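My notes follow the structure.

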Amino acid sequence: EKPFEYFGAPWVDALKLAEELNSYSLKGVKFEPIKFIPSEKISAYPPKFFNQECNGVFINVGDKRIFEPVKCGVAIILALNKLFNQFKFENKNFIDKLAGTDKLRKMVINGNDYQSIINLWSEDLSKFALVRAKYLLYY
């Protein structure tokens, strides 16, 4: 019903997950515990946990100018991995394609913390910003 606004699973403790995510103090977003039932097909395939009650969180973006969705995604993966044994990466490791590398998945599995994962791309991002700057027409 609201893709990318909330997520969860039958085995999630919504309050515990919301508290953990809010402890990251991410900019422009708060996490609110919710219950929902995935019942609407938005593609050719039914959603995971179709017609099952799920506990999860609503990603309440209050200020999209300062919200950093990639950092939010990293926090979500870390929180799920930390709190719930049932959280597993898929066998084909599709997360590696989304992240563009297997480093994120491996760092989560190895127990690296949020800041060390964020720092992983900070240097490369700074280098890219310098190269990109001369091509910006509007900013």
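At roughly what angle do the axes of helix H2 and helix H5 cross? I noted first that this is a predicted model, in which local features need pLDDT of at least 70 and side-chain atom pairs pLDDT 80 or more, while totals for chains, interfaces and linings use all residues. Residues are numbered from 1 along each chain as its sequence is written, and side-chain values use heavy atoms, without hydrogens and water.

**Helix pair.** I found that the axes of H2 (residues 69–83) and H5 (residues 114–133) cross at roughly 140° and come within 10 Å; the axes are lines fitted to C-alpha atoms over the stretch in contact, with angles from 0 to 180 degrees between N-to-C directions. Helices here are DSSP runs (H or I, at least four residues) and strands likewise (E, at least two), numbered from the N terminus. I then listed the contacts (heavy atoms within 4.5 Å): Val70, Lys71, Val74, Ala75 and Leu78 of H2 meet Tyr114, Ile117, Ile118 and Trp121 of H5.

**Largest pocket.** I looked up which elements supply at least two residues each to the lining of the largest pocket, and they are strand S1 (6–9), strand S3 (54–61), H2, helix H3 (94–99) and H5. H2 gives the largest share of that lining, seven residues.

**Glu40.** I located Glu40 in the loop between strand S2 (29–36) and S3. Glu40 counts as partly exposed because its relative accessibility is 44%, where buried means under 20%, exposed over 50% and partly exposed in between (1.4 Å probe, protein chains only). From Glu40 to Asn51 I noted 8.7 Å, C-alpha to C-alpha, at 11 residues apart in sequence.
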